[in-house]
There are 2 protein chains.
Amino acid sequence: MNVRLKPISADSPQAQPGCAACVANELNLCQAVSEACAVLPWGESIEIGGSNHVVPARRIVFREHDMRDAVPIICEGWAASAVLLPDGRRQILSFLLPGDIVSTALLFDARASCLVEAVTDVRYRAFKRPELKAALHKRPDLLEKFSKAWIDEKARADQLIVDLGRRSAEQRLARLILGLHERLTRLGLVPAGALEMGFPLRQHHIADATGLTPVHVSTVLSEFRKSGVVKISERWLTILDPDRLRRVANR
Amino acid sequence: MNVRLKPISADSPQAQPGCAACVANELNLCQAVSEACAVLPWGESIEIGGSNHVVPARRIVFREHDMRDAVPIICEGWAASAVLLPDGRRQILSFLLPGDIVSTALLFDARASCLVEAVTDVRYRAFKRPELKAALHKRPDLLEKFSKAWIDEKARADQLIVDLGRRSAEQRLARLILGLHERLTRLGLVPAGALEMGFPLRQHHIADATGLTPVHVSTVLSEFRKSGVVKISERWLTILDPDRLRRVANR
DNA sequence: CGGTGTCTTGAATACCATCAAGTCTTGTGG
DNA sequence: CCACAAGACTTGATGGTATTCAAGACACCG
């Protein structure tokens with residue numbers, strides 16, 4: 001079973017304007033924005049350069065100042081928003097999955113304090129901030145949608161604070177896996193009830209997300225494997241013992 | 001110099017409606033909300049029970065479900081929003097200072113995932129969520145103000161993630177002190193340039209905010225004191241060597 | 001084919017937690 | 001006002017978790 005992700009090209013079927021084939025999360029911000037803007041009196045598109053932005057894996061999608069007037073939303077692939085430290089280490093704030101806005105704070109403020117890196121090949125749309133903001137003021141339903149995204153973002157950040165402040169390496173890894181599995185299930189990228197998922201993260205991603213070192217991530221994951229809790233191979237993860245994993249994760 | 005904070009009573013001068021004597025942060029949400037609502041067509045107040053809510057130190061201001069329809073803003077005193085773990089430990093997400101909204105997410109969603117505890121005596125106002133939300137839709141300037149509060153809240157959360165994930169105990173403590181000093185200075189609760197501040201936090205607060213144990217907080221603070229970086233006594237903190245503290249904090 | 005990135009494993013060490021005892025302060029009821 | 005209890009802080013000893021350093025196996029890519 002040599003699973004391999006197809007590389008994304010700008011003219012793949014999913015890249016057509018309107019995102020007809022979009023993996024919509026329950027909010028589907030892209031759709032909402034597009035619809036809202038169709039009604040508004042602007043000649044040109046609210047998007048920057050259409051919906052065909054593609055970034056290959058491991059490349060940086062945005063640096064801090066690249067997001068000055070753009071509000072990016074991930075359409076396809078996995079990305080990570082991270083903070084760099086002067087000594088070269090880094091901390092991942094959040095993994096971004098399809099349907100995720102890079103940061104809801106970008107709606108109101110041009111400054112971003114983090115950079116975004118592609119984990120897999122990533123396709124995204126970028127909306128013009130001033131126009132989007134104007135649309136937000138005119139369309140209460142749009143504000144409602146974005147507020148949900150923001151609540152979600154903040155809840156995940158708060159959970160990460162608790163994980164990093166008060167939980168062991170074992171627990172952090174278990175919770176990361178369960179959290180991603182849950183998000184992917186909600187997105188429909190994992191069938192309901194399924195315990196397998198495509199898992200493109202390298203161990204250094206996991207380390208940077210959980211505040212650990214790659215070496216220690218390797219050790220703990222080996223223990224998970226040996227004790228039959230999960231199986232990881234070929235960028236694919238299977239939860240073998242969901243009960244035990246949840247018990248470890250305290251969920 | 002036996003400094004002691006005056007207890008807050010509901011009919012102290014600061015407690016008058018309108019918050020004339022309010023320690024306004026640069027946003028002054030209370031003021032903005034009050035003004036915005038004066039123009040709106042409601043018979044009764046947008047506030048719950050006036051502006052006289054007072055909670056003594058160490059008491060819980062809100063539990064998770066107490067914030068169902070209230071959006072609280074701190075007027076006076078220090079509070080902490082925290083998450084409890086099943087084993088009784090806890091993680092403080094943020095210290096709340098005068099002018100702070102408890103959580104901007106409360107504007108849109110009634111569920112709160114944290115509880116709020118008074119560090120000192122605390123006075124707060126509570127606004128009715130549905131009414132506030134309606135006002136938000138009608139007054140773009142109000143949305144603008146709240147978005148600033150939200151960006152601030154998120155930036156602090158992100159910084160805390162980096163601190164807990166990638167910094168040593170020494171650095172976390174230095175950054176906590178500098179961060180609080182900066183916020184108090186912006187609020188005008190510490191004169192510009194001054195290096196002294198009232199510091200009501202117990203070491204267990206510091207421990208819960210930095211993801212450490214009280215014992216280790218004590219040890220590191222002792223080192224800070226012995227090396228002449230800060231002085232702490234009688235709930236009062238003086239930064240003796242700001243350069244060194246900033247160097248430790250990586251700022 | 002070498003080079004780079006990824007992962008694994010082992011050994012030594014550092015940092016912080018835990019356990020424990022004791023001092024000092026603060027608050028409370030007799 | 002005093003006695004007592006509870007909370008807050010300090011300090012030392014010990015142990016565990018995670019880091020650092022190092023070396024090697026393996027896959028992938030130009």
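Guide: A polar contact is a pair of N or O atoms within 3.5 Å; within protein, one must be able to donate a hydrogen and the other to accept it, and residues adjacent in sequence count only if both atoms are side-chain atoms. Between chain A and chain B, 14 residue pairs are in polar contact, both at pLDDT 80 or more. This is a predicted model, in which local features need pLDDT of at least 70 and side-chain atom pairs count only at pLDDT 80 or more, while totals for chains, interfaces and linings use all residues. Residues are numbered from 1 along each chain as its sequence is written, chains are lettered from A in the order in which they are written, and side-chain values use heavy atoms, with hydrogens and water left out.

Visitor: Why is the meeting of B:Asp208 and A:Arg166 called a salt bridge?

Guide: The term requires a side-chain nitrogen of Lys or Arg within 4 Å of a carboxyl oxygen of Asp or Glu. The N to O distance between A:Arg166 and B:Asp208 is 2.9 Å, so the pair qualifies. The count between chain A and chain B is six salt bridges.

Visitor: How do you know which residues of chain A and chain B are in contact?

Guide: Contact means heavy atoms within 4.5 Å; by that criterion, 35 residues of chain A touch 36 residues of chain B.

Visitor: What makes the area between chain A and chain B buried?

Guide: Buried area is the accessible area (1.4 Å probe) that two parts lose on being put together, summed over both. For chain A and chain B the value is about 3,500 Å², and carbon and sulfur atoms give 68% of it. In chain A, the most area is lost by A:Trp150, A:Ile161 and A:Arg166, together 24% of what that side buries.
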